[in-house]
Amino acid sequence: DSYLNTLSIVDFDGRMVFKTDTNMATVIKSHELRMALSLSKTITYFKDDELIFLVPINYYNTTQGAIIATFNIKNIIDQYTQLEDSIYAKLYHAGEEFYSKNYETQKNYSTYKFVCDKSHSLFHHLGIKLEVGILQTTYLQPLHKQLTFLSILAFFVLIIAILLSYNLAR
């Protein structure tokens with residue numbers, strides 16, 4: 001997979017068996033890896049723009065080690081989000097923005113902050129907040145079209161009413 005940053009395999013004691021990157025020391029000494037190995041449960045978490053999967057390796061119901069895979073989340077999101085130019089998306093983790101697409105500070109947007117509950121378990125589990133917005137000009141364009149149409153219609157009704165009242169008065 002082109003989004004895979006690193007792939008490593010560790011034994012139950014956290015010793016490296018296989019690695020594609022030498023910067024795995026923080027993951028190997030992490031609390032999450034200890035949990036994955038001791039609970040024999042897949043752990044997924046987000047750190048420094050990377051999505052990290054810790055998958056235990058079991059042999060006859062005994063955890064022998066784990067596979068550690070890290071993915072570049074920005075590249076994945078860019079690949080799978082085809083947003084129109086009038087729509088932007090932002091992702092936040094721990095209150096800080098780590099991803100933005102199509103957002104320009106000088107433009108006005110109508111914004112919606114998506115609350116990720118347990119039914120959207122990956123965002124909820126990783127603590128990622130999503131914000132989506134649409135340009136106000138695009139958002140209000142159908143309303144402006146209707147108001148323009150109603151204004152022109154009202155003008156013609158007013159002209160017809162004036163002409164009718166003038167003819168009736170004569």
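Numbering starts from 1 along each chain as its sequence is written, and side-chain values use heavy atoms, with hydrogens and water left out. Because the model is predicted, local features need pLDDT of at least 70 and side-chain atom pairs count only at pLDDT 80 or more, while totals for chains, interfaces and linings use all residues.

**Strands**

Strands here are DSSP runs (E, at least two residues), numbered from the N terminus, and two of them pair if DSSP finds at least two bridges between them. S1 (residues 4-11) and S2 (residues 16-19) are antiparallel partners, held by three bridges.

**Thr70**

Thr70 belongs to strand S5 (residues 62-72). Is Thr70 buried or exposed? Its relative accessible area is 2%, so Thr70 is buried (buried is under 20%, exposed over 50%, partly exposed in between, with a 1.4 Å probe and protein chains only). Its side chain makes a polar contact of 2.4 Å with that of Thr6 (N or O atoms within 3.5 Å, one able to donate a hydrogen and the other to accept it). Residues touching Thr70 (heavy atoms within 4.5 Å) include Tyr3, Glu50 and Ile52.

**Aromatic rings**

The whole structure has six aromatic pairs. Rings of Phe, Tyr and Trp (its six-membered ring) pair if their centres lie within 6.5 Å; planes under 30 degrees apart are stacked, over 60 edge-to-face, the rest tilted. Phe53 and Phe71 link distant parts of the chain, strands S4 (residues 50-59) and S5, 18 residues apart.

| Pair | Centres | Planes | Class |
|---|---|---|---|
| Phe53 and Phe71 | 5.8 Å | 90° | edge-to-face |
| Tyr103 and Tyr109 | 5.2 Å | 25° | stacked |

Phe53 is partly exposed at 26%, whereas Phe71 counts as buried at 18%. Likewise, Tyr103 is partly exposed at 31% and Tyr109 is buried at 11%. Ring pairs join Tyr88, Tyr103 and Tyr109 into a cluster. The charged end of Lys90 sits over the ring of Tyr103, 3.6 Å from its centre (the cut-offs are NZ of Lys or CZ of Arg within 6 Å of the ring centre and within 35 degrees of the ring normal).

Terms used. Helix = DSSP H or I, 4+ residues; strand = E, 2+ residues; numbered from the N terminus. Lists of a residue's contacts leave out its neighbours within four places in sequence.
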